[in-house]
Amino acid sequence: MFLGLRQSLESSYGKNGFFGWRNPVQRFGPMRGHIMHISSGGRRPKKKIYHRVHELDRVMDLQKKPRLILQLKSIIQSQKHQSLLLRDLEKHVGFVHKWNFMAVIEKYPTIFRVNGGNRTPPSVELTEKAKRIADEEAEASEQMEPILVENLRKLLMMSVDCRVPLEKIEFIESELGLPQDFKGTLIPKYPQFFSVKNFNGRVYLQLENWDSSLAVTAREKRIARERVLDSVGHDKKARISKDGNFAGPYAFLMSYPAGFRPNMSYLEEVQRWQKMEFPSPYLNARRFEAADPKARKRVIAVLHELLSLTMEKRMTSAQLDAFHSEFLLPARLLLCLIKHHGIFYITNKGAKSTVFLKEAYDGSSLMEKSPLLRFNDKFIALSGRRDVNFCNGISS
């Protein structure tokens with residue numbers, strides 16, 4: 001997704017108005033650098049900065065150890081006797097990563113217990129307390145099933161042909177919260193909603209039943225909850241907001257990074273954009289001209305809804321890129337995300353660049369968590385981490 005970033009910025013910044021990138025770009029640093037603009041009259045070039053949100057960058061650091069713990073738990077549980085020989089760990093995670101897992105085993109004796117030694121090959125299993133909490137995962141999975149089915153249906157409903165290649169669903173299965181064997185366990189249970197079909201030599205997950213009651217976005221649900229409209233559907237306020245937020249039926253929740261100081265002209269254009277109506281993400285994208293401003297705003301709504309369907313309200317840039325044809329996303333998707341930096345945030349922390357839905361987080365904490373994430377928090381709490389609060393579902 002970040003390939004061709006310089007060319008994309010040089011050719012396109014500033015064409016779509018209110019985000020203030022108006023001059024040709026001379027140079028763009030690696031996301032945390034400055035954007036230099038060419039100026040006339042011998043004046044010093046202006047700089048544009050992609051402002052970091054350190055709390056969201058921190059999310060990527062906080063997830064490293066929990067991810068290893070949960071992965072090791074799953075490996076141990078997949079074994080016939082719920083015990084893994086340490087010599088076999090390399091077969092599951094590779095030689096390089098094996099040492100990270102060995103460090104986790106040593107660091108968290110409240111979760112993992114090592115047995116054997118001398119003439120008996122050493123093995124690792126869950127402690128009794130960890131086993132008791134791990135048993136609760138079945139209940140969390142049961143609570144997750146209707147959520148997963150609904151989210152899958154919504155994902156297919158947004159696609160232009162109400163079908164998505166199965167391999168692309170697999171590509172984001174962990175982000176959606178789907179079990180690894182969802183093709184054989186979840187999909188066959190709901191033939192009234194899903195079918196697996198072959199089109200032109202490619203296997204697709206096909207929607208079998210359209211439900212208009214599901215064609216309501218997370219953005220629309222939030223507006224309904226917060227009752228930002230009065231009884232006749234008019235806006236409650238018309239004044240220009242300094243934070244870009246606007247109470248209206250077509251508005252998005254904005255959150256600008258610290259250090260970003262928009263001027264009044266910028267905010268006026270933001271408000272015009274916030275007021276502009278646009279088609280629902282659940283209407284077929286082929287019905288609209290891509291150059292239409294309303295259709296461009298609809299793309300933002302599609303990206304917003306896609307991220308809203310994930311467990312942690314984030315996806316890697318490569319995962320978003322994978323759905324270009326299914327949702328008719330813009331060719332310059334990165335540029336689109338950068339321009340709407342009040343709604344989305346891109347971090348380079350971790351092995352892959354990740355796109356966050358900003359409104360879903362309070363600092364580094366995901367505000368609403370699914371039953372599966374609440375279970376994960378409860379299991380990780382055995383490690384003694386103080387940045388996990390599984391009681392209210394918010395990491396602190």
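I began with an open sheet of three strands, which lie in the order β10-β12-β11 and pair in the antiparallel sense. Strands β10 (314–316) and β11 (344–347) are at the edges with a single partner strand each, so one side of each has no neighbour in the sheet. On average, neighbouring strands here are turned by 20° against each other, direction ignored.

I noted that this is a predicted model, in which local features need pLDDT of at least 70 and side-chain atom pairs count only at pLDDT 80 or more, while totals for chains, interfaces and linings use all residues. Residues are numbered from 1 along each chain as its sequence is written, and side-chain values use heavy atoms, with hydrogens and water left out.

For my terms, helices (H or I, at least four residues) and strands (E, at least two) are DSSP runs numbered from the N terminus, and two strands pair if DSSP finds at least two bridges between them. Strands of a sheet pair through backbone hydrogen bonds, either parallel or antiparallel.

I then followed β11 to β12 (residues 354–357), to which β11 is joined by four bridges in an antiparallel run; I346 has V355 of β12 as its bridge partner. Helix α13 (residues 293–308) packs on the sheet and touches β10, β11 and β12, its direction making about 95° with that of β12. Contact means heavy atoms within 4.5 Å, and axes are lines fitted to C-alpha atoms, for helices over the stretch in contact, with angles from 0 to 180 degrees between N-to-C directions.

Next I looked at the hairpin of β5 and β6, where two residues lie between the strands and N118 takes a positive phi near 55°. Strand β5 (residues 112–117) pairs antiparallel with β6 (residues 120–126) over five bridges, and N115 stands opposite S123 in β6.

How do helices α7 and α17 cross? The axes of α7 (residues 137–158) and α17 (residues 371–380) come within 8 Å and cross at roughly 155°, which makes the two helices roughly antiparallel (the term for angles over 145 degrees). I found the contact to be made by E137, A140, Q143, M144 and I147 of α7 with P371, L372 and F375 of α17.

Methods
Angles under 35 degrees count as roughly parallel, over 145 as roughly antiparallel, 65 to 115 as roughly perpendicular and the rest as oblique.
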